[in-house]
Amino acid sequence: MVLIAIFAYYQRKKISAYYLLPIIILVVASLGFYHAKLSYDPPLLPSDIAGQTIKVQGVIKSKPAIVGIRAETFSQKVEVKKAVDEYGNLIDLQELRLFSRVALKPATEYLISVRIPRDAFHLNPGGGKGPISGFAVEIEAVAAADIGFFGETRVRLNSFFKDNFSKESAPFLMALITGERSLIAPETWHAFRVTGLAHLLAISGAHFGLLLVILFGAIKLLVNLLPHNILNKLTIYFTPTQIAAVPCIPFMIGYLGISAMNIPSIRAFIMITLFLIGLLIQRRGYWLNTLLLAAVIIVTLWPDSILELSFHLSFVAVLCIGIALSSITDGAVELKDSLNLKEKRGTADSLFHRFTAMLRRYCITSATITIAATIGTAPLIAYHFNYFSVVSLFANLVFVPIIGFVILPLTFIASFVFLVSGIFPLRPLIDGIASFVLAALKYIAQWDFVAVGVPAFPSILLLMFYFGLLLYVVINIGIIEPGYRSGEGVNASKIWDIIAKPSVYKLLLPLSIAIIPFLIYTGIKTFEQSGIRITYLDVGQGNAAVIELPDDRTLIMDTGRNGFQVSRFLSHRGIEKIDAIVLSHGSPDHAGGIWSLVRDFEVHEVWDNNRLVYPKEFLRIIKQRGLERGDLISGNGYRITILHPYDGFYTLYSGGIENNDSLVVRIEGTKNSFLFTGDIGREAEEDLLRLGMHLKSNVLKVPHHGSRTSSSEAFISTVSPEIAVISAGRNNIHGHPHNETIATLASAGTRVYRTDRDGAISIAELSDGTLQVKTWREFQMVQADSIKDEWMNLKRLFWVW
């Protein structure tokens, strides 16, 4: 009622939207937070189910990916429909990463007993807590249930696509029409991501909008082709636009139904429906009002949407497109008048000019939409996904029209005909075009410059950019909106007069707020001198560290069990290639993620202790380099020395052969040194003591997760570390780190950091030789109970890992 009153008052008084916008924002926020407060249910903490075996009913949403180098273990994503803990309590779980010894069939529903590790989540930059992972204990296929009319329709279409289209185009067409993405191959995902077209693989406002353009245009054309006497009778009461809008609504409802009706699809449907209603009541010019009203409805129904990336991307893209199209309305009106004049002349020459003018208008509009959406969403994409597609503008200009105006409508209409008659027309044509588009995208994705990694940047830059955008809307909306609303267009000379006058701030002030902070930050980072930076990642009961060297080389010291945490962190840092993966030994908690990293990154070499055995196919794609005591690798500002093992070393303890054979690596910077020890035990430590002062290091990666079978007093005394890092899983069954190890380090006066408590730990050597230590936990926003907490939260907006 409040919203209705505001809009009614606005229409009656013709108040400028300059004053209306803050009111709408306040109403949206108030409704959203009020609804959230009423429906708030404390979310499940991963620690609540850590160590349990839970029951999960869900659908496999990805193809199986092999992880590990010893035994075939498959990793797949599960969309959870229902989950209960050991006591029968419902678990609020939407997604699960499942590890299993068998590959499960994508797009199939299973009932799975899942063992959740004691360290069920990991605290790393770029990954946050990430999806909960677990290991399959029992697997049972779920019998088909009653899924309703739209569900049966979706299954029927998916089955037809899989059985009658090529293996490349079928998953792509399923993603466009039914929203089923589990069969999309990793190389296809990669091609769409790096070309800036990933948004096309998830049904959203773009799909509804593109489909509506085709349907609306076709229906309106048919209306205009009606016999003159029928058309005259119809247009007494309704315009052709209103007549064309009505049949579009059931088509949009049908598309929503077969697209699985997820929240992004429903959001898109709401916005399209409001647009169609605007056409029916002849208020299509109120694009900003429609967008804000859609936001009100969405946030009211789903308060959590205000924090979801998909909502941010959709809202920002539509906002930027609306602003951009508003600025070219004047040209559209002039073009329309010109076309009407030439149409009256009726000559062949006028028809040619009409066609060329329409083509020019289409190109200008397409370019405007693409540029606006690309620029508007680029900061969000760079912040969350840490990459920027260099070819995004080109790819969207070329491929979006082909996919949106050819493949999507043809497939949608053919699907509708198939559902009615059992005949799928134009199948070879659709299959051929889709296969061609996919082949072209994969070819472009192979270009070296197609996308660049973007290192993480402070969140304050993101806030400033969109604050500048919002400020632009608030300041200029009174200029743009009225002309666009009335259909008169925006007079370009008036805009120029405004810009040329002292009110130039109306344009420059918002742009300065949005762009200048990015330019300043980029300049600072470009000329910043950096030394060795090592990040000890939280991989649970395992080991993994990312070593960034002064000459821009990147080493990975152990991978953890699956490599996912390393992969996410590398993306967070904008790193696309790995110079070497260093494996201390072959235990799964140290080397299990190598397959994942080799598959997802450009890896030059693998270094090890020369005692590991690899599958033949692995050595065909990667170069292996065995290291031993005395090997030296140096570069600009650093030196890497191998201290252990060597050919003549043998251990008497049979249970610790592999651990005691761990590679021990010492990395020296300008004034500091870092020692990595793998899982060595007392025997290896005693052998290393003969090296004396060559062991001394400022930072020690504590052996074997802090076990009492390592870290003897003599060894710690010889190394004499200022800082010690322990990598261990939360509540692990071994009790690591042991109290004896903690006591030994404390007696040596060593500062101790632990991944199970601190999350990821970064230690960097600054230009003056001092060591800078950061932990994941220090970077997290906290619930403020005092002014000091608020101040720290504010400072965190400016921090970056």
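**Strands, helices and a buried histidine**

Colleague: Which residue is the bridge partner of Asp-608 in strand 14?

Modeller: Gly-626 is the bridge partner of Asp-608 in strand 14. Bear in mind that this is a predicted model.

Colleague: How do strands 13 and 14 run, and how many bridges join them?

Modeller: They run parallel, and four bridges join strand 14 to strand 13, residues 602-608.

Colleague: What is the strand order in that open sheet?

Modeller: The order is 14-13-12-11-10-9-22-23, eight strands with mixed pairing. Strand 14 (623-626) and strand 23 (771-775) are the edge strands, each pairing on one side only.

Colleague: By how many degrees are neighbouring strands turned against each other?

Modeller: On average 20 degrees, with direction ignored.

Colleague: Which strands does helix 20 lie across?

Modeller: Helix 20, residues 564-572, lies across strand 9 (533-536), strand 10 (544-548), strand 11 (554-559) and strand 12 (577-582). Its angle to strand 10 is about 25 degrees.

Colleague: Now His-585. Where does it lie?

Modeller: His-585 is in the loop between strand 12 and helix 21 (588-591).

Colleague: Buried or exposed?

Modeller: His-585 counts as buried because its relative accessible area is 0%, and the cut-off for buried is under 20%.

Colleague: Which side chains make polar contacts with the His-585 side chain?

Modeller: There is one to the side chain of Ser-662, at 3.2 Å. There is also one to the side chain of Asp-679, at 3.2 Å.

Colleague: What about Ser-596, which helix is it in?

Modeller: Ser-596 sits in helix 22, residues 594-600. Its relative accessibility is 1%, so Ser-596 is buried too. Leaving aside neighbours within four places in sequence, Ser-596 is in contact with Asn-562, Gly-563 and Phe-564.

Colleague: Different topic. How does strand 6 run against strand 4?

Modeller: Strand 4 (residues 95-100) and strand 6 (residues 132-141) run parallel, joined by four bridges. Phe-99 stands opposite Phe-135 of strand 6.

Colleague: And strand 5 with strand 6, parallel or antiparallel?

Modeller: Antiparallel, with six bridges between strand 5 (residues 109-115) and strand 6. Ser-113 has Glu-138 in strand 6 as its bridge partner.

Colleague: Where does Gln-94 lie?

Modeller: Gln-94 is in the loop between strand 3 (73-84) and strand 4. It is exposed, because its relative accessible area is 55% and the cut-off for exposed is over 50%.

Colleague: What does Gln-94 touch, not counting residues up to four places away in sequence?

Modeller: Gln-94 touches Val-78, Glu-79 and Val-80. Ala-83 is eleven residues from Gln-94 in sequence, and their C-alpha atoms are 9.0 Å apart.

Colleague: Last one. At what angle do helix 5 and helix 15 pack?

Modeller: The angle between helix 5 (residues 169-177) and helix 15 (residues 392-421) is about 85 degrees, with the axes 10 Å apart. So helix 5 is roughly perpendicular to helix 15.

Colleague: Which residues meet there?

Modeller: From helix 5 they are Phe-172, Leu-173, Leu-176 and Ile-177. Helix 15 brings Ile-403, Ile-407, Leu-408, Thr-411, Phe-412 and Ser-415. By type, the residues of this contact are eight nonpolar, two polar and no charged.

Notes: Residues numbered from 1 in each chain as written. Predicted model: local features only at pLDDT ≥ 70, side-chain atom pairs only at ≥ 80, totals over all residues. Heavy atoms only, no water. Pairing = 2+ DSSP bridges. Helix = DSSP H or I, 4+ residues; strand = E, 2+ residues; numbered from the N terminus. Axes fitted to C-alpha atoms, helices over the stretch in contact; angles between N-to-C directions. Contact = heavy atoms within 4.5 Å. Buried < 20%, exposed > 50% of the residue type's maximum accessible area, 1.4 Å probe, protein only. Polar contact = N/O pair within 3.5 Å; in protein donor to acceptor, adjacent residues only side chain to side chain. Parallel < 35°, antiparallel > 145°, perpendicular 65-115°, else oblique. Nonpolar A, V, L, I, M, F, W, Y, C, P; charged D, E, K, R; others polar.
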